[in-house]
Amino acid sequence: MNTPVAAGGTLIEARDVHKSFGQTPALRGASVAVGRGEILAIMGPSGSGKSTLLHCLAGIFAPDRGEVWFEGNRLDTLDEAARTKLRRTAFGFVFQFGQLVPELTAADNVAMPLLLNRVRRRTAYQTAGTWLDKLGVGDKGGRRTGELSGGEAQRVAIARALALGPKVIFADEPTGSLDSLTGEKVMDLLVSLAREQGTTVIIVTHDARVAAYADRVVMVRDGLVSLDLSAAEAPAAKHAAKAAN
Amino acid sequence: MSVPLTLLGLLEREPSHGYDLKRDYDEYFGRGKQLPFGQVYATLGRLARDGRVEPGEAEPGDGPDRKRYAITDIGRAEVDAWLADPVEPEPHLQTVLFSKVTLALMLGKPAEAYLDRQRAAHLVRMRDLTELKRTGPLVDVLLADHALFHLEADLRWIDLTSARLTELAEAVRKR
C-alpha cells in the first residue's frame, strides 16, 4: 500500500516487510513511508505487529523478506555492526521502560550516547545539561534515574534521544506507564522539540490521545498497514438533515 | 435525526407495512423507547412525498394504514450515502453510530469500512482538539479535554465493535 508522505520527501520506508517469530507471523507485507520532519503514529490492536514494524524500521529486527530504506539506502541489508552504528548516530529511542541505566545519573544517561560517539566529555555533559534543562529536569542531572518518577525518567529519556541530534526518534508506547497529565506533558515536549529540530518521530501507541499529537496515523492489522488516516476529512453533508422530520 | 433514514434502511431489506416497521424499529433500535405510530406514518408520508418510498395499494383490514411501502432507487441511494458518511465527531453520538452499524450488518453492507471512516473522522477531530490544547488558554484546554475523553470512549467502542463484527453480523441476521 502506498502512503502519502510529508512535503520534505520520504526519509524512511518499509516496503512489503515480512517478519515471523518462530511459526508466528508478526508482519505479512507491511509498507509505510515516513517523511522528513513528519510525526507518524502507528496504531493497532495488541499483537497486530505495530511494535515489530517499528523495530524493523529502526534496524533492531532484520525483516525475513521485504526492504527497509533510510535516506535512499537499504537499511535491512546492512550488517549488524553498520546497523548498530546507524542506530547510535541517526536514531533516538524512547520506550516505555528500560532505556535508561538506573544506577547512572540523569546527566550520565544523556551524555552516554554522545560519549559513545566520541564527543569530548566536557562537551557531552554540557549538551546533556542543555537538553535536561529544555525538558524541565535540569535540576535532576545529578540524580540516579532509578530514583526519578516515571514522568521525570521519560523526560530524561527524551533528552537522551534528542541530545545526539537524531534524524528519527522511535517511540514505543512512550507514555504507557504515565498518568494522563504527565503523559500529556511528555508528549507535548517530545512533539514540540522534535518540530523545533525538524526531527521525524515514529510513535507506536494504542492510545488515541497520544496519536492525536501526530501529523498522520496509520493502522496495523494482522501484520499489514491497512489504513492511512491522513486523508480523513470532516464529515460531509448531513444526509440525516435532508431526510429529517 | 436518524429515524427516517433508519426506517428507510429497514425498508431496503423488504417492503413493509407501517406496523411491521415500527415493530422492527422498536426491537433493534428503540432501546426501551418505542417509536409512536403517529411518527412512523408521518415519516412514511414525508418519505413518499419526497420520492424515497413508494406506497402500494391499500390492503383490506383493520388499522390506520394497510399500505405496504417499498424503497425507491432515490431512497436506496440516500441510505447508502448516509451509512458511508461519518457522523460529526462529537460526544454522545453512540446511538447514531449504533444504528448505522446494526443496519449495515443487517443489509450486508461494509460495516467495517464505515467504522474505519468514522475512526478517521474522530482522529482528525482529536488532532484538532489536541492542537487547540497546545496553543489555547486553560479554559479551552479544559473543554477540549472533556471532548477528547468522550471521543476516546467512542473510539474504544469503534475498536471493540470492529473486533466483534463477525459475531454481531451473525446475531443481527439470526433474529
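Here are a few worked exercises on a predicted model with chains A and B.

## Exercise 1: Meet the two chains

Find out how many helices and strands chain A and chain B have, and how much of each chain counts as buried.

*Solution.* 
- Step 1. Start with the elements: chain A has eight helices and ten strands. Chain B comes to eight helices and three strands.
- Step 2. Read chain B along its sequence, and the pattern is α-β-α-α-β-β-α-α-α-α-α.
- Step 3. Turn to burial. In chain A, 47% of the 245 residues count as buried; in chain B, buried residues make up 34% of 175.
- Step 4. Look at the contacts with a separation of 6 or more. In chain A, residues 24 or more positions apart account for 71% of them. For chain B, 56% of the contacts between residues at least 6 apart join residues at least 24 apart.
- Step 5. For the extent of chain B, its C-alpha trace spans about 65 × 35 × 30 Å along the principal axes.

## Exercise 2: A covered strand

Decide whether the two faces of strand S3 of chain A are covered or open, and name the strands that pair with S3(A).

*Solution.* 
- Step 1. Locate the strand: S3(A) covers residues 39-43, and five of its five residues are buried.
- Step 2. Follow the pairing to strand S8 (residues 200-204) of chain A: four bridges join the two strands, which run parallel. Here Ile42(A) stands opposite Val204(A).
- Step 3. Now take strand S9 (residues 216-221) of chain A. S3(A) pairs with S9(A) over four bridges, also in the parallel sense, and Leu40(A) stands opposite Arg216(A).

## Exercise 3: An open sheet and a helix across it

Work out the strand order of the open sheet of four strands in chain A, and find its edge strands.

*Solution.* 
- Step 1. The order is S2-S1-S4-S5, with antiparallel pairing.
- Step 2. The edges are strand S2 (24-35) and strand S5 (73-74) of chain A, since each pairs on one side only.
- Step 3. Check one pairing closely: two bridges join strand S4 (residues 65-70) to S5(A), antiparallel to each other. Phe70(A) has Asn73(A) in S5(A) as its bridge partner.
- Step 4. Helix H1 (residues 50-57) of chain A lies across S1 (10-21), S2 and S4, and runs at about 125° to S1(A).

## Exercise 4: The largest nonpolar core

Find which residues have the most contacts inside the largest nonpolar core, and explain why this core lies between the domains of chain B.

*Solution.* 
- Step 1. As background, nonpolar side chains tend to be buried together in soluble globular proteins.
- Step 2. The largest nonpolar core has 109 residues, and those with the most contacts inside it are Ile42(A), Val110(A), Leu132(A), Ile202(A) and Val218(A).
- Step 3. Helix H6 (residues 111-135) of chain B provides the largest share of this core, nine residues.
- Step 4. Domain 1 (1-84) and domain 2 (87-175) of chain B both give residues to the core, so it lies between them.
- Step 5. Zoom in on Val110(A). Setting aside residues up to four places away in sequence, Val110(A) touches Ala128(A), Trp131(A), Leu132(A), Val156(A), Ala159(A), Arg160(A) and Ala163(A).

## Exercise 5: Where the domains of chain B touch

Describe the side of domain 1 of chain B that touches domain 2 of chain B.

*Solution.* 
- Step 1. The domain assignment gives domain 1 (1-84) and domain 2 (87-175), with 26 Å between their centres over C-alpha atoms.
- Step 2. Nine residues from domain 1 and ten residues from domain 2 take part in the contact.
- Step 3. On the domain 1 side, helix H1 (3-13), helix H2 (18-30) and helix H4 (73-84) of chain B each supply at least two residues. H1(B) gives the most, with four residues.

## Exercise 6: Classify one residue

Decide whether Ala48(B) is buried, partly exposed or exposed.

*Solution.* 
- Step 1. Recall the cut-offs: 20 or more other C-beta atoms within 10 Å make a residue buried, and 12 or fewer make it exposed.
- Step 2. Ala48(B) has 16 other C-beta atoms within 10 Å, so it is partly exposed.
- Step 3. Beyond its neighbours within four places in sequence, Ala48(B) is in contact with Val53(B), Glu54(B) and Pro55(B).

Technical notes. Residues numbered from 1 in each chain as written. Chains lettered and ligands numbered in written order. Predicted model: local features only at pLDDT ≥ 70, side-chain atom pairs only at ≥ 80, totals over all residues. Contact = placed C-beta atoms within 7 Å. Domains from an automatic or database assignment. Pairing = 2+ DSSP bridges. Core = buried A, V, L, I, M, F, W, Y, C linked by C-beta atoms within 7 Å. Axes fitted to C-alpha atoms, helices over the stretch in contact; angles between N-to-C directions.
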